[in-house]
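Good morning, and thank you for coming.

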Amino acid sequence: MPIPTGGALARPPRRLVCAVTAVLVGVMVGCVLPAAETTVSAAATEPTRSVLVEASAGSAPPWPAVDQVTGPVAAYLDAETRRLGLPGAAVSVIVGGDVVWTHATGTADPAGEPMTADTPVLLASTSKAITAIAVAQLVQDGRLDLTEPVSEYLRWFTPTTPGPPMTVGDLLHHTAGLDLGHDAGTHLADGGPHPLQDRVRDLAEDDIAVAPGEYSYSNASYDVLGLLVAETSGRPFGAYVAEHVLAPLGMDHAYTSAETARADGLAEGYYRWFGRWWRAADMPAPGGSRPSATMYGSASDLGRLVAAHLTRPANVLPPAGWDLLTAPEALIAPDVFYAGGLVVRPQWELADPSGTSPDTSALPTVYEHNGSWPNSHTFLAFVPEQDRGVALVVNGNDQARESALVGLDHNLLRLLAGHDAVHVPVTDEPLQRYGWAIAAVFLGLELVSLGWSVRRLRARPAGPSGVRSRTSLLRTALPPLVLDAVVVWLVLAYIPARFFTTPAELIRLNPDLGVLIVPGLALALVWGPLRTVLLLRIHGAGQVSPPQAREEGAVTAA
């Protein structure tokens with residue numbers, strides 16, 4: 001249809017202006033408000049697929065007997081798996097050097113294969129506890145020195161830092177200046193023949209904004225450690241870890257590649273769409289992040305890793321090596337430290353159900369780490385004073401309410417110590433929890449704006465006066481343009497910076513957001529400028545006044 005060249009362009013409906021304003025205000029407020037609280041319930045049900053084995057003589061600690069806590073642990077895990085809708089979960093309980101009890105519930109894949117304690121899942125960040133053991137071995141062998149700069153071993157690794165060069169110890173304790181911003185985009189990294197080296201070479205060209213010595217968590221630090229393991233051992237990282245860590249610890253269902261894990265029945269990972277529907281989701285697991293996040297293992301495997309920390313087998317590490325892994329080095333928060341692949345903190349759960357307590361002097365010390373991927377959650381923890389620990393794997397994750405699974409971790413520690421499960425307050429940032437709803441609202445507004453502007457552009461001229469002023473043009477064009485600008489800013493700038501990601505990674509790892517973001521962003525980037533140009537053309541054409549038009553017509557007739 002020909003573009004109209006005259007007629008009045010009415011101001012946008014007041015409801016549209018109000019809607020745009022309300023949503024923009026709501027989003028800005030939501031980004032800064034404290035996160036809403038949720039609770040983790042402790043409903044009970046009958047346990048399924050539990051296995052209790054006899055502990056080694058002399059391993060029983062002065063805490064509740066294992067058979068007194070396994071029933072509540074099984075009942076709690078079954079109930080929470082159903083309440084949260086988790087596809088499957090498995091837990092192991094460790095006393096001394098033994099995995100004395102395991103329990104699994106739910107399914108491992110859409111075909112209904114039962115989840116077991118030996119079913120591997122993607123470990124995510126609990127992979128770091130494995131990599132840390134490999135590093136400690138090489139330190140004890142004299143092939144690595146925690147005080148040496150990384151460039152001593154990787155001559156080409158010389159990123160710009162505001163302070164002294166980062167050391168091997170800085171990487172181990174997350175004090176190298178590498179933060180989560182250095183992980184952005186790595187989920188979508190190409191495989192290539194040498195993914196780990198490619199990953200670290202990319203980091204070598206970065207500018208490090210945080211001075212080494214300050215705590216800043218990242219996968220990047222442990223990926224560099226992984227390459228150091230390969231370079232100083234003379235073996236590929238995966239081969240070294242399999243031979244020197246996994247095999248000696250008896251982690252028979254743990255792997256350093258997805259291919260070998262699939263051959264052993266790797267569980268399908270699940271993603272929760274729109275906070276409601278769980279669907280199997282194949283998420284990228286790049287080889288360049290293997291040392292930090294993309295190894296695989298089961299609840300039994302993590303249990304054996306915990307058992308090793310409690311018994312400190314000499315065939316894996318000498319006492320000094322185990323001390324290196326558990327020494328609190330980097331201050332994360334008051335009373336919370338990072339050691340070697342482990343977080344060290346007081347067992348707050350025993351003093352305060354909320355998980356925080358000002359008096360920590362009498363509390364046992366917990367050594368723990370969790371792992372979170374878009375389609376899996378893992379957790380390991382041990383309390384030396386209780387001589388016991390726990391490991392959990394879940395083949396699913398809820399990106400909108402990740403912290404609900406952290407509530408599982410806290411309550412497992414409580415139950416292990418003989419306490420009841422409690423309502424644990426957990427928080428999620430509003431923009432994270434309601435991101436899909438916000439994206440849906442913005443897409444809806446973009447569609448309303450599209451329909452309204454098309455209707456105005458297709459309308460016949462409403463009268464001879466045309467567009468009378470720039471004010472009417474602003475009233476017509478500005479609200480949709482502001483909406484477009486906010487959508488572009490949120491998707492391309494604010495959200496990636498806030499959550500340390502890239503737009504492509506955000507869409508790929510959050511498919512429910514992606515199906516809403518992509519069309520909304522396309523409308524803002526493509527239709528927004530086109531609509532504005534068309535409105536300006538009509539406005540320009542409408543500036544010819546009626547008297548001038550009549551005069552021009554008379555001259556033509558003469």
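**Rings, helices and cores**

I begin with a charge and a ring: the charged end of Arg498 sits over the ring of Phe499, at 5.6 Å from the ring centre. Please bear in mind throughout that this is a predicted model.

Next, the aromatic pairs. How many aromatic pairs does a search of the whole structure find? The search finds 9. One of them joins Tyr215 and Tyr338; this pair is tilted, with 6.3 Å from centre to centre and 35° between the planes. The two partners come from distant parts of the chain, 123 residues apart: Tyr215 belongs to the loop between helix 5 and helix 6, while Tyr338 belongs to strand 10. Is Tyr338 buried or exposed? Tyr338 counts as buried, because its relative accessibility is 0%. Tyr215, by contrast, has a relative accessible area of 26% and is therefore partly exposed.

Another pair is formed by Phe274 and Trp436, and this one is edge-to-face, with 5.6 Å between the centres and 70° between the planes. Here too the pair links distant parts of the chain, with Phe274 in the loop between strand 6 and strand 7 and Trp436 in helix 13, 162 residues apart. Trp436 has a relative accessible area of 28%, so this residue is partly exposed. Both residues also belong to a cluster in which ring pairs link Tyr271, Trp273, Phe274, Trp277 and Trp436.

Strand 6, residues 270–273, and strand 7 run antiparallel and are joined by 4 bridges. Within this pairing, Tyr270 stands opposite Ala280 of strand 7, and the bridge partner of Arg272 is Trp278. The hairpin has 3 residues between its strands, and Phe274 takes a positive phi near 55° there. These strands are part of an open sheet of 3 strands, in the order 7-6-15, with mixed pairing. Strand 7 (277–280) and strand 15 (396–397) are the edge strands, each pairing on one side only.

I now turn to the helices, starting with helix 5. Which residues of helix 5 are buried? They include Leu196, Arg199, Val200, Leu203 and Ala204. These residues lie on the same side of helix 5, because they cover an arc of only 145° around the axis.

Helix 6 contains Leu228. With a relative accessible area of 0%, Leu228 is therefore buried. Beyond its neighbours up to four places away in sequence, Leu228 touches Leu144, Val150, Tyr153, Leu154, Val168 and Leu171. The C-alpha atoms of Leu228 and Arg143 are 9.9 Å apart in space, although the two residues are 85 residues apart in sequence.

Leu171 takes us on to the nonpolar cores. The largest nonpolar core has 79 residues, and Leu171 is among those with the most contacts inside it, together with Ile130, Ile133, Phe157 and Leu305. Which helix contributes the largest share of this core? That is helix 3, residues 127–140, with 9 residues. Leaving aside neighbours within four places in sequence, the contacts of Leu171 include Val150, Met166, Ser221, Tyr222 and Leu228. Apart from this core lies another, of 30 residues, among them Val73, Ala89, Ala404 and Leu416.

My last stop is a loop residue. Where is Ala184 found? Ala184 lies in the loop between helix 4 (168–172) and helix 5 (195–204). Its relative accessibility is 28%, and so Ala184 counts as partly exposed. Not counting residues up to four places away in sequence, Ala184 touches Phe500, Thr501, Thr502 and Glu505.

Thank you for your attention; I welcome your questions.

Definitions and conventions:
Residues numbered from 1 in each chain as written. Predicted model: local features only at pLDDT ≥ 70, side-chain atom pairs only at ≥ 80, totals over all residues. Heavy atoms only, no water. Pairing = 2+ DSSP bridges. Helix = DSSP H or I, 4+ residues; strand = E, 2+ residues; numbered from the N terminus. Buried < 20%, exposed > 50% of the residue type's maximum accessible area, 1.4 Å probe, protein only. Contact = heavy atoms within 4.5 Å. Phe/Tyr/Trp six-rings, centres within 6.5 Å; stacked < 30°, edge-to-face > 60°. Lys NZ or Arg CZ within 6 Å of the ring centre and 35° of its normal. Arc of directions from axis to C-beta. Core = buried A, V, L, I, M, F, W, Y, C linked by side-chain atoms within 4.5 Å.
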